[in-house]
Amino acid sequence: RNITLAFFVTHIMASRRLFGSPLLLSHHIRSSLFTPFLALARQQQVRYASMRIPIVLSSPVPGIGETGEELMVRKGFARNYLYPKQLAVPATDDSRKRFEDVRAQIDYAARDKIAAVRKASKQLSKLQHVLVTRHVRSDGSLHSVVNAKVISEKLFKQYRLTVEPSRISIPIEIKTPGTHTVNVDVDGNIVPLTVKCMRR
């Protein structure tokens, strides 16, 4: 593998020195140079595909799937973990039929919703702050209010996160510059969010 890759790189460098760019080479020469690399890529793709096998989960596995689900997993993971612990069986016509009724009861929509909530919560918890700039009056108060709608817009503009204003609660009204904490309701999961107000 390394010899083939070295051959490819060597010829590309040589073509750059001689012709300035491998794109200037004839189609025949380009094909002869790229063929070994493409063949290697195909071999790697076939090898990767052969490392995965279809299985049917016979028990729920957190982070993997529910009972009855058919999945493609690595051979080693199936043979060294799933099969010995009786968490899965090889995917055959018999095993598919055996778990057909169980598989039909899986609520994929609910599971996707839970996954989306977890992802959103994780993204929000990683944010350092949401930045809001405002003009400040002579008495030190903000010239215009910072409400849930403003925070929602800033979340999307700065982080491309869509959070409805109705899900943002502001315990203490934001009237002055500085650092403030608001709460975001992600489907019942309350995530604190820092809002940093700076003078414009």
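Helix H6 (108-126) lies across S6 and S7 and runs at about 175° to S6, where axes are lines fitted to C-alpha atoms, for helices over the stretch in contact, and angles run from 0 to 180 degrees between N-to-C directions. H7 packs on the sheet as well, touching S4, S5, S6 and S7, with contact meaning heavy atoms within 4.5 Å. Helices (H or I, at least four residues) and strands (E, at least two) are DSSP runs, numbered from the N terminus.

This is a predicted model, in which local features need pLDDT of at least 70 and side-chain atom pairs count only at pLDDT 80 or more, while totals for chains, interfaces and linings use all residues. Residues are numbered from 1 along each chain as its sequence is written, and side-chain values use heavy atoms, with hydrogens and water left out.

| Helix | Strand | Angle |
|---|---|---|
| H6 | S6 | about 175° |
| H7 | S4 | about 120° |

The open sheet has four strands in the order S4-S7-S6-S5, with mixed pairing; two strands pair if DSSP finds at least two bridges between them. S4 and strand S5 (168-169) stand at the edges with a single partner strand each, so one side of each is left without a neighbour in the sheet. S5 and S6 pair in the antiparallel sense over two bridges, and the bridge partner of Ile168 in S6 is Val184.

The largest nonpolar core has 23 residues, and those with the most contacts inside it include Leu124, Ile168 and Leu193. Such a core is a set of buried (under 20% relative accessible area, 1.4 Å probe, protein chains only) Ala, Val, Leu, Ile, Met, Phe, Trp, Tyr and Cys residues joined through side-chain atoms within 4.5 Å.

Technical notes: Buried means under 20% relative accessible area, exposed over 50%, partly exposed in between (1.4 Å probe, protein chains only).
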